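Subject: Handover of a protein structure

Dear colleague,

I am pleased to hand over to you the structure shown below. Please take a moment to look at it, after which I shall set out what was found.

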Amino acid sequence: MGYNAIYPADAIEAHRAFIARRRSLRPSEEYRTPTNEEWDAFLAHFEKRKLPLGTCARAFGTSCIHEHACVRCSLLRPEPSQRDRLIEIRDNLLDRIAEAQREGWLGEVEGLEISLAGAEDKLTQLDAALKRSVIHMGLPAFGEIAARAT
């Protein structure tokens, strides 16, 4: 096996060749310039993805499947700065579940429990992202790194 060094120019040329090959396989009308209305719709989609708790990661051109109950949605990417707000939402959900159970609103309990599970999942995501993990690699012993001569 030989050694092959990759330089930035080689990598860029290879990537451009790959893109050219891929484009040659697709219909040319897919590579047209978008209209102003299409571009505005594309940009508006990303503006609509900004939420109080974070960012919605749904794909362009798709509608919200949870009817904007974002705390339930796996596509919500919570912002670490919104952790306190998320705790407040979770605590409010716990209070509302207790009230619904007290009043016998079983359908409301079920819906609130789904939202509570979503809020707790988002808190778990944030805690995992904020948790610093330390990996101890250990130190080699002197005998492992020094050559022995006899």
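Let us begin with phenylalanine 42, which is partly exposed at a relative accessible area of 29%. Its ring forms an edge-to-face aromatic pair with phenylalanine 60, at 5.0 Å centre to centre and with 70° between the planes. This pair joins distant parts of the chain, for phenylalanine 42 belongs to helix H2 while phenylalanine 60 lies in the loop between strand E1 (54-56) and E2, 18 residues apart. Phenylalanine 60 is likewise partly exposed, at 43%. Please bear in mind that the model is predicted.

**The aromatic residues**

In total, the structure contains three aromatic pairs. Another of them is made by phenylalanine 42 and phenylalanine 46, again edge-to-face, with the centres 4.9 Å apart and the planes at 75°. Why are these two residues separated by about one helical turn? The reason is that they stand four residues apart in helix H2 (residues 36-48). In general, residues three or four places apart in an α-helix point the same way, because such a helix has 3.6 residues a turn. Phenylalanine 46 is partly exposed, its relative accessible area being 32%. Together, Trp39, Phe42, Phe46 and Phe60 make up one aromatic cluster.

**The protein as a whole**

The secondary structure consists of five helices and two strands. Read from the N terminus, these elements follow the order α-α-β-β-α-α-α. Of the 150 residues in the protein, 16% are buried. The protein exposes about 12400 Å², and carbon and sulfur atoms supply 55% of that area. Among contacts with a separation of 6 or more, 50% involve residues 24 or more positions apart.

**Helix H4 and lysine 122**

Helix H4 covers residues 106-130. With 25 residues, H4 reaches 36 Å from its first C-alpha to its last, which is close to the 36 Å expected at 1.5 Å a residue. Its buried residues are Val109, Gly111, Leu112, Ser115, Leu116, Gly118, Ala119, Lys122, Leu123 and Leu126. Against which elements do the buried residues of H4 pack? They pack against strand E2 (76-78) and helix H3 (83-103).

Lysine 122 may be of interest to you here. Is this residue buried or exposed? Lysine 122 counts as buried because its relative accessible area is 1%, whereas the cut-off for burial is under 20%. Leaving aside neighbours within four places in sequence, lysine 122 is in contact with Cys70, Val71, Cys73, Ser74, Leu76, Pro78 and Leu86.

**Arginine 90 in helix H3**

Arginine 90 is located in helix H3 and is partly exposed, at 23% relative accessibility. Once neighbours within four places in sequence are set aside, its contacts are Leu116, Ala119, Glu120 and Leu123. Among these, leucine 116 lies 26 residues from arginine 90 along the chain, yet their C-alpha atoms are separated by 6.1 Å. The side chain of arginine 90 also meets that of aspartate 91 in a salt bridge, with an N to O distance of 3.1 Å. Aspartate 91 is partly exposed, with a relative accessibility of 34%.

**Further salt bridges**

How many salt bridges does the count come to? There are six, including the one between arginine 90 and aspartate 91 described above. In another, the side chains of arginine 32 and glutamate 38 come together at 2.7 Å, N to O. Both partners are partly exposed: arginine 32 stands at 48% relative accessibility, and glutamate 38 has a relative accessible area of 33%. A further salt bridge connects the side chains of glutamate 47 and lysine 50, at 3.4 Å, N to O. In that case both glutamate 47 and lysine 50 are exposed.

**In brief**

One is the aromatic cluster of Trp39, Phe42, Phe46 and Phe60. The other is helix H4, whose buried residues pack against strand E2 and helix H3, and which includes lysine 122.

With kind regards

Definitions and conventions
Residues are numbered from 1 along each chain as its sequence is written. This is a predicted model: local features need pLDDT of at least 70, side-chain atom pairs count only at pLDDT 80 or more; totals for chains, interfaces and linings use all residues. Side-chain values use heavy atoms; hydrogens and water are left out. Buried means under 20% relative accessible area, exposed over 50%, partly exposed in between (1.4 Å probe, protein chains only). Contact means heavy atoms within 4.5 Å. Accessible areas come from the Shrake-Rupley method with a 1.4 Å probe; for residues, only the protein chains shown count as cover. The expected span of a helix is 1.5 Å times one less than its number of residues. Rings of Phe, Tyr and Trp (its six-membered ring) pair if their centres lie within 6.5 Å; planes under 30 degrees apart count as stacked, over 60 as edge-to-face and the rest as tilted. A salt bridge is a side-chain nitrogen of Lys or Arg within 4 Å of a carboxyl oxygen of Asp or Glu.
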